[in-house]
Amino acid sequence: MAARAARAVLAMVAVLATAEAAAAPDRPLHRLALQRWGENDGLPQARVRALAQDADGYLWLGTDGGVVRFDGARFDAFTPEATRQAIGTRAIRTLLVDGGGRLWVGTHGEGALSVREGGVFRSLRGTADLRGSAIIAMTAARDGSLWFGSWSGAMHLVGTTWSSVGVEIGLPDAPVFGIAEGTDGTMWFGTWTGLHRVRAGRAERVSLPGVSGDLPIRAVALDPAGVLWLGTIDAGLIGVELGDGGDVRQVVRIGESDGLPHRTVEALLVDRAGALWIGTRGGLARRSGGRLEAAPPGPSYLRSPIEA
């Protein structure tokens, strides 16, 4: 009974947060509030490289200290020892929750991919179709297929069939760090040599005003308002407002002077309430507008956007 009541209250708070954001679509991107968490708040390791949200509302973090689960109040670590070596390293590079509720874990080195299903982690060591020594990006497409990024480029998993996707469609011969799908089916790729998008089977580089075309893009996410968020190496967070047809209308850059924990952003996640979670080399941040930004820290505040 208490658990059901708690979930109802959290869902209501999340709805309020989403409604507040929708009511102010013209709020300047750089004026949205930031909240931060670091090692002093219980985060086991400050370098947050990956983010995902599961069906129960938990936020999962990939760090150099292993996989971490966050319920809004407490951080719980899942190390190789805790998973009986199903995750073979503490060096987590990317996370994904697929449509079936499974948590995929991409790591650096041997045994680059693991899956958590039914509360149990298992390794996918020996999967011959995985290229390179690390899985550094993952996303689930609306058609149920999965996309992976590695140091060798991009891969596409449809059912049980793997295929490589790269220079043959115009993507650069470079690491793919971030992948996201737009509502129109456009695939966005953050690479070592900048931002690219794939439409109708062909890739093209996307130029951003005031941003170097070769700036490494470490993470990519799209929010409900249609803003494309980019995590960069040493250049902070970039918000790109897209117009009709995917044209770039506005570019906003956000850095440490705006409250970002670190100028290198390695992971981005838009949760079900529309809040943007930001993983950096210096800790975790959450970015949102509305009344929740002024609420005092605590489980009922932090968990509300996660548990909706």
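Across the whole structure, a search finds 11 aromatic pairs, where the rings of Phe, Tyr and Trp (its six-membered ring) pair if their centres lie within 6.5 Å, and where planes under 30 degrees apart count as stacked, over 60 as edge-to-face and the rest as tilted. The model is a predicted one, in which local features need pLDDT of at least 70 and side-chain atom pairs count only at pLDDT 80 or more, whereas totals for chains, interfaces and linings use all residues. Residues are numbered from 1 along each chain as its sequence is written, and side-chain values use heavy atoms, with hydrogens and water left out.

One of the aromatic pairs is formed by Phe78 and Phe121, which are tilted, with 5.9 Å centre to centre and 55 degrees between the planes. Because Phe78 lies in strand E5 (residues 75-78) and Phe121 in strand E9 (residues 120-123), this pair ties together parts that are 43 residues apart in sequence; strands here are DSSP runs of at least two residues (E), numbered from the N terminus. Both Phe78 and Phe121 are buried, that is, under 20% relative accessible area with a 1.4 Å probe and protein chains only.

Trp147 and Phe189 form an edge-to-face pair, at 5.7 Å centre to centre and 75 degrees between the planes. Since Trp147 belongs to strand E11 (residues 146-150) and Phe189 to strand E15 (residues 187-191), the pair ties together parts 42 residues apart in sequence. Trp147 counts as buried at 10% relative accessibility, and Phe189 is buried with a relative accessible area of 0%.

Ring pairs also link Trp37, Phe70, Phe75 and Trp277 into a cluster.

Key:
Helix = DSSP H or I, 4+ residues; strand = E, 2+ residues; numbered from the N terminus. Buried < 20%, exposed > 50% of the residue type's maximum accessible area, 1.4 Å probe, protein only.
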